[in-house]
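Subject: Structure for your review

Dear colleague,

Please find below the structure I promised to pass on to you, together with its sequence. My notes on what was found in it follow directly after.

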Amino acid sequence: MIFRQFIDPETSTLTYLLADESTREAVLIDSVLEQFDRDRTLLRELDLTLRYTLETHVHADHITAADLFRREQGSRVAVSAAAGVKAADIEFEDGDVVRFGSATLEVCSTPGHTGGCVTYLCREQGMAFTGDALLIRGCGRTDFQQGDAAALFDSVRNKIFSLPDETLLFPGHDYKGRMVTTVGEEKRFNPRLGLDKSEADFVAIVDRLDLAYPKRIDVAVPANLECGLLAAPIPAPTSQPSPSTASSVASVMEAQGRQDAEIWMGMGI
Ligand SMILES: [Fe+2]
């Protein structure tokens, strides 16, 4: 198995590339529009064929590159049916299996951060990709997108924590430079969802969070419900991570008369 982990510094989004070494078939989990060129370059350098872009959920803080990859490379966009992404090619149900070469990922429904969150399990390698359901020493917020604290508690405690303690957990974000944790570690040290916490404790903790309105949600969610911004042009390959993708998103938004284009570019609030 070929495995790479990437970070988008702007949003602290972690993206994962997995590929079968012999057939060179690959999947990307939670791609980021602005990092399209980075990931495309590595796919080409490693001689990989991208079969699927997989989403752990409909993101509120960044736009997926899924549609760009679909249009340029012929990959298929896959997301849980519960996420409501009608432009997806594949809508997963709990227990579905993604195959690329001899490698497999199992789809495990883990709602609570959003109604359509899934965790992708790679049992052969003892790895799981939790999206924002379980972060390192934390979890995703539960106050938007059909968020439900009791459902998240159930997903983490009864699904993710049912995996072997040594299972490596790869989250959708980390804001402190951490890259990986384990089931055993989170059971002991997660301050919200560790085994010393009850469901009532957890609900009380998230009720007290008093978080700010998500800065990009009004742009990112509608775009991600279309697998990324469908009208965005495919950028020309470069050897550097391309700021032009973000610019092109803003120019498409401006052409559509959207006042939030400058917010997307970081010039607004
Ligand atoms: Fe999220």
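Helix H3 (residues 149-158) and helix H5 (residues 199-207) approach each other with their axes within 9 Å, crossing at roughly 130°. H3 is therefore oblique to H5, and the crossing of the two is right-handed. On the H3 side, the contact is made by Ala149, Ala150 and Phe153, and on the H5 side by Glu199, Phe202, Val203 and Val206. Sorted by class, the contact of H3 with H5 comprises six nonpolar residues, no polar residues and one charged residue. Please bear in mind throughout that this is a predicted model.

Glutamate 199 deserves a separate note. This residue belongs to helix H5, and it is partly exposed, with 14 other C-beta atoms within 10 Å. Setting aside neighbours within four places in sequence, glutamate 199 is in contact with Ala150 and Phe153. Between glutamate 199 and alanine 151 the C-alpha to C-alpha distance is 9.7 Å, while 48 residues separate them in sequence.

As to the overall content, the protein has eight helices and 12 strands. Of its 269 residues, 46% are buried. Among the contacts with a separation of 6 or more, 60% are between residues 24 or more positions apart.

Turning to the strands, six of them form an open sheet with mixed pairing, in the order E7-E8-E9-E10-E11-E12. Strands E7 (97-100) and E12 (181-182) stand at the edges; each has a single partner strand, so one side of each has no neighbour in the sheet.

Within this sheet, how much of strand E10 is buried? Five of the five residues of E10 (residues 127-131) are buried, so the strand is largely enclosed by the rest of the structure. Met127, Phe129 and Gly131 point one way from E10, and Ala128 and Thr130 point the other way; all are buried. This follows the general rule that in a regular strand the side chains alternate between the two faces of the sheet.

The pairings of E10 are as follows. Strand E9 (residues 118-122) runs antiparallel to E10 and is joined to it by three bridges, with cysteine 122 opposite methionine 127. Four residues lie between the strands in the hairpin of E9 and E10, and there glycine 126 takes a positive phi near 65°. With E11, by contrast, E10 pairs in the parallel sense, over four bridges. Methionine 127 stands opposite leucine 168 of E11 in this pairing.

Strand E11 (residues 168-171) is in turn joined to E12 by two bridges, and these two strands run antiparallel. Here leucine 169 has threonine 181 of E12 as its bridge partner.

Finally, I draw your attention to helix H2 (residues 66-73). Which residues of H2 are buried? They are Ala66, Asp67, Leu68, Phe69 and Arg70. After H2 comes glycine 74, with a positive phi near 75°.

With kind regards

Conventions:
Residues numbered from 1 in each chain as written. Predicted model: local features only at pLDDT ≥ 70, side-chain atom pairs only at ≥ 80, totals over all residues. Pairing = 2+ DSSP bridges. Buried ≥ 20, exposed ≤ 12 C-beta atoms within 10 Å, placed from the backbone. Contact = placed C-beta atoms within 7 Å. Axes fitted to C-alpha atoms, helices over the stretch in contact; angles between N-to-C directions. Parallel < 35°, antiparallel > 145°, perpendicular 65-115°, else oblique. Left-handed = near helix turned anticlockwise from the far one by under 90°. Nonpolar A, V, L, I, M, F, W, Y, C, P; charged D, E, K, R; others polar.
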